[in-house]
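Please look over the structure shown here, with attention to its pockets, its cavity and one of its sheets. A briefing in grouped points follows.

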Amino acid sequence: MNIVCRRAVSHLCRRSSIIVDAGRDRGVHSSCRRNTVMPAWVIDKYGDNDVLRFNENVLLPIINYPNEVIIKVHAASVNPIDVNMRNGYGAKSLNMTRDPLHMKTPGSEFPMILGRDASGTIMECGLNVQYFKPGDQVWAAIPPWKQGTFSEFVVASVNEVSLKPKSLSHTEAASLPYAILTTWAALVNSCGLSKEKCPGKRVLIIGSSGGVGTAAIQLLKAWGAHVTAVCSGNAFNLMKDLGADDIIDYTVARLQDQLQTRDLFDAILDNIGGSSEELALQFLKPWSGATYVTLVTPFLYNNDQLGIADGMMRTGVTLASKVMKHYYKGIHYRWGFFAPSGPSLDEIGELVDTGKIRPVIEEVLPFTAIPQAFKKLEAGHARGKTVIQVVDPKK
């Protein structure tokens with residue numbers, strides 16, 4: 001029985017989300033004697049890098065639900081969403097989904113711990129956790145409505161966690177989960193692609209040199225697709241090394257002009273947004289099930305600017321109009337969103353251990369350099385991920 005099947009069986013025993021009262025015995029399995037505080041990077045308000053604050057006395061997280069685990073974070077990585085959340089982007093939407101039991105201050109999102117990727121060791125397990133045990137080496141992507149991974153410990157649902165690929169160190173593993181699960185959600189959930197459907201498909205990736213782009217190239221090539229990557233010239237060698245079949249340097253000539261010389265595509269994954277949406281109508285195969293999916297949507301922005309009710313209405317109108325516009329041209333139009341998924345990480349881990357997917361890391365920084373990592377990411381033109389070593393591997 002493979003890892004995915006074993007997880008499916010164990011899921012039957014742990015999908016319960018019964019609240020365990022904070023004052024009652026939480027019934028956890030522990031492999032260590034616990035302290036009461038931990039170091040973490042927090043923000044107490046939204047703003048630029050100045051709001052990032054290192055705090056050595058953050059209260060340790062606790063297990064509030066029987067399907068949760070506590071992970072000792074060995075390494076994390078920085079994603080664009082971390083910068084956006086620091087700035088307050090999406091706050092109204094995310095605050096609606098936050099679980100008050102997991103917040104440090106009742107009724108407030110602050111102090112907030114950022115960070116979405118984690119690779120580490122399970123320290124404690126809730127009563128319903130059967131697939132994992134203390135001491136297991138795991139990786140996970142924590143959703144943005146929860147406290148994050150720029151801390152010594154983090155709480156996660158077992159449905160968000162997977163056994164770490166044995167072929168990767170914690171530093172390497174921490175570079176992948178959030179980006180590749182965003183990629184998975186866009187290609188599988190939105191485009192309907194899979195290892196069975198990908199062979200022979202032509203896929204265009206716009207913005208291919210960042211975390212999502214590099215993950216998408218590898219996943220699609222592992223599934224047998226033909227991949228065309230759009231990037232600047234200084235990322236050409238990286239794209240070639242990852243297996244892209246065709247590479248377009250958007251800086252040497254207009255992208256539209258360069259695409260005119262290529263065959264039409266079955267799918268477009270757009271990490272840039274804006275005017276690139278118009279490419280879908282010109283360069284996708286009409287009336288063939290071809291799909292355009294963008295990860296740049298106005299959903300969170302509309303809610304921030306207009307409030308939840310009016311924002312949702314504006315978003316619905318925008319999406320419906322775009323879907324209909326493309327549908328009349330024979331193209332499927334979709335939005336892609338990150339979705340946490342331990343079972344998907346199980347499948348991805350198998351591809352990693354067989355050498356079909358590998359981490360793309362641009363720089364590794366110590367835990368003290370979180371502000372530097374944010375500044376670097378904001379400068380743009382990433383060539384893979386910046387990883388944060390929460391635990392010094394030499395110690």
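The residues that line the second largest pocket divide into twelve nonpolar, five polar and one charged, where Ala, Val, Leu, Ile, Met, Phe, Trp, Tyr, Cys and Pro count as nonpolar, Asp, Glu, Lys and Arg as charged, and the others, Gly among them, as polar. The model is predicted, so that local features need pLDDT of at least 70 and side-chain atom pairs count only at pLDDT 80 or more, while totals for chains, interfaces and linings use all residues. Residues are numbered from 1 along each chain as its sequence is written, and side-chain values use heavy atoms, with hydrogens and water left out.

**Second largest pocket**
- This pocket holds about 320 Å³ of space, and of the 18 residues that line it, the closest to its centre are Pro61, Ile62, Leu101, His102 and Lys104.
- A pocket is an open set of points on a 1 Å grid over the protein atoms alone, with protein on both sides within 12 Å along at least five of seven lines, whereas a cavity is a set where a 1.4 Å probe fits but cannot get out; lining residues have an atom within 4 Å of a point.
- Strand β8 (residues 153-157) provides the largest share of the pocket lining, three residues; strands (E, at least two residues) and helices (H or I, at least four) are DSSP runs numbered from the N terminus.

**Cavity**
- The count comes to one cavity of 30 Å³ or more, and the largest cavity has a volume of about 50 Å³, a volume being the space filled by probe spheres set on grid points that are joined across faces, edges and corners.
- Helix α6 (residues 211-222) gives the most to the lining of the largest cavity, with four residues, and the lining as a whole has five nonpolar, four polar and two charged residues, including Arg358 and Lys385.

**Open sheet**
- Three strands form an open sheet in the order β3-β2-β5 with antiparallel pairing, and the edge strands, each pairing on one side only, are β3 (52-59) and β5 (112-113).
- Strand β2 (residues 37-43) pairs with β5 over two bridges, which meets the requirement of at least two DSSP bridges between paired strands, and Val42 has Ile113 in β5 as its bridge partner.

**Overall fold**
- The protein has 13 helices and 17 strands.
- Its radius of gyration, taken over C-alpha atoms, is 21 Å, close to the 21 Å that the globule rule gives for 395 residues, so the protein is as compact as a globular protein of that length; the rule is 2.2 Å times the number of residues to the power 0.38.
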